[in-house]
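Have the sequence and the 3D view ready.

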Amino acid sequence: MLGFLGGTGPEGKGLALRFALAGEKVFIGSRDSSRGVEASNSLKKFSSNNIFGGTNSEAASKSDVIVAAMPYDGQRETLETLKTSLTGKIVITVVAPLVFNKGSISALPVKDGSAALEAQKILPESRIIGAFQNISARDLLIPSKPIDADVIVCGDDQDAKDYVITLANMIQGVRGINGGGLKNAGYVENLTALLLNINQEYKSHSTIKISGV
């Protein structure tokens, strides 16, 4: 099962929906159990048999693979609280630290270099992978909407990275790309700010494609 921490936001719900449609069981977690249940219920009209919801703690303990989808300002507290349940597990962080200021969006500098590297520091016994930061949440939430995008997957654990690349390929139209070590995740996170600013200019849902590979 894929467990989504802070999965009630658009990105978490969108990814949960797409993986559920691909046949994976997903559990949407939240600090408030009722919000997790509400989020899962809102998606069950599309895939009723494999979407569940509850608390972040339940998502962490019941799931084999974790997707950290909370806002950056909640990452440290959430991961530290669930550290024991996350030991030994693949933790995919889709977190992109951002600053919103008067209509402008910029990347928030992170002391450890990126949200993914910070997650690895918090969870040294977990297998941290950075991925899925650059797919439009709005597009993910429309089941019939084709997703024409590459997902850059960064991590230091090769087996975990291979698994997440395979997971990305389960979403129709998506291609997983090996982005190298976890140190490269910051570059991908920062692209999110650029894409959101492009979206504002063009009133679009832009994403990324890598040519030549």
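The buried residues of helix α6 pack against α4 (75-81), α5 (83-86), β5 (90-93), β8 (127-130) and α9 (185-202). Helices (H or I, at least four residues) and strands (E, at least two) are DSSP runs, numbered from the N terminus. Buried means under 20% relative accessible area, exposed over 50%, and partly exposed in between (1.4 Å probe, protein chains only).

This is a predicted model: local features need pLDDT of at least 70, side-chain atom pairs count only at pLDDT 80 or more, and totals for chains, interfaces and linings use all residues. Residues are numbered from 1 along each chain as its sequence is written, and side-chain values use heavy atoms, with hydrogens and water left out.

Which residues of α6 are buried? They are Ala115, Ala116, Glu118, Ala119 and Ile122. Seen down the axis of α6, these residues fall within an arc of 160°, so they line one face of the helix. The arc is that of the directions from the helix axis to the C-beta atoms.

Helix α2 has its own buried set: Gly36, Ala39, Ser40 and Leu43. They cover an arc of only 95° around the axis, which puts them on the same side of α2. Their cover includes α1 (10-21), β2 (26-30) and β3 (51-55).

| Helix | Residues | Arc of buried residues |
|---|---|---|
| α2 | 33-43 | 95° |
| α6 | 115-122 | 160° |

**The cores**

A nonpolar core is a set of buried Ala, Val, Leu, Ile, Met, Phe, Trp, Tyr and Cys residues joined through side-chain atoms within 4.5 Å. The largest one has 34 residues. Within it, Phe19, Ile92 and Phe132 touch the most other members. Elements giving two or more residues to this core include β1 (2-5), β4 (65-68) and α8 (158-169).

Take Ile92. Leaving aside neighbours within four places in sequence, Ile92 is in contact (heavy atoms within 4.5 Å) with residues including Val65, Ile129, Phe132 and Leu167. Apart from this core lies another, of 27 residues, among them Leu82, Ala119, Ile152 and Ala185.

**Helix α9**

Is Asn199 buried or exposed? At 15% relative accessibility, Asn199 counts as buried. Asn199 sits in helix α9. Beyond its neighbours within four places in sequence, Asn199 is in contact with Ser204, His205 and Ser206.

Tyr202 is also found in helix α9. At 65% relative accessibility, Tyr202 counts as exposed.
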